[in-house]
Amino acid sequence: MNTSSIEDGSVKVLRELLTDSGIGEWPILDHRWNKSEVDLEWRLAMLHVHQVQPFFHTFVAPDDRNSSVYLLHVYSGSPILNTQYYLNTSEPDYVRYILSYKNLIAETARLLKAQEAVVKRDIEAMLQFEVDFANISQDDTLDFLNETNQSDDDFVFNKFNISMLEDMVPQIKWGILMDYVFDYSGISADQVDLNIVVHCEKYLRHLVDLLNKT
């Protein structure tokens, strides 16, 4: 078996995925990458249609109170690794897991021909982002558990439409994001009648703050 050829083919596929027509560029591979030129809504949409939902999870389900109505549920996302791996630095095993994770990222970046100096610099920044992300994800998990401990009669979902969601978290253009997802998937949808249930309002605000300072 020609393992070199297989590896070269895998690298080609991965590099094609990490382009504007895929899920978006990986800045560590392109020194010309400019944050100000990033279309956040397009990036989030492409991650979504490729079944990668790191920042928030969504699914559609019938309304329990009216089965003829469907709701788009939005939940908070979570880091790639277990949250405690990032936050519990006193546990030797967790520290070792994070080190292995960093080495994996570095080897992947080198395989994709990233510059060594950029690899070392950006990996530290990436890990710090994931630590910050783990913190807000953990806070949201605790909030959600507190909410779901209430009785069913007391627990009320936060229902929104697109315009209400944009008022709540204006840093993300939700209408454009939905358009990207629907267009890419070949779906025609009337956003005015789209019912959205947000299970993570505070989390979304914290997420946007984190993305803005990154």
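Predicted model: local features only at pLDDT ≥ 70, side-chain atom pairs only at ≥ 80, totals over all residues.
Residues are numbered from 1 along each chain as its sequence is written, and side-chain values use heavy atoms, with hydrogens and water left out.

Of the 214 residues, 35% are buried, meaning under 20% relative accessible area with a 1.4 Å probe, protein chains only. The protein exposes about 13,300 Å², of which carbon and sulfur atoms supply 52%; these areas come from the Shrake-Rupley method with a 1.4 Å probe. Among contacts (heavy atoms within 4.5 Å) with a separation of 6 or more, 63% join residues 24 or more positions apart.

What does the interior hold? In soluble globular proteins, nonpolar side chains tend to be buried together. A nonpolar core is a set of buried Ala, Val, Leu, Ile, Met, Phe, Trp, Tyr and Cys residues joined through side-chain atoms within 4.5 Å. The largest one has 31 residues, and F55, F56, W174, I196 and L204 touch the most other members. Elements giving two or more residues to this core include β2 (66–76), α5 (116–148) and α7 (174–185), and α8 provides the largest share, six residues. Leaving aside residues up to four places away in sequence, L204 touches F56, M168, V169, W174 and V198. A second, separate core of 19 residues includes W26, Y101, L112 and L127.

Definitions and conventions
Buried < 20%, exposed > 50% of the residue type's maximum accessible area, 1.4 Å probe, protein only. Helix = DSSP H or I, 4+ residues; strand = E, 2+ residues; numbered from the N terminus.
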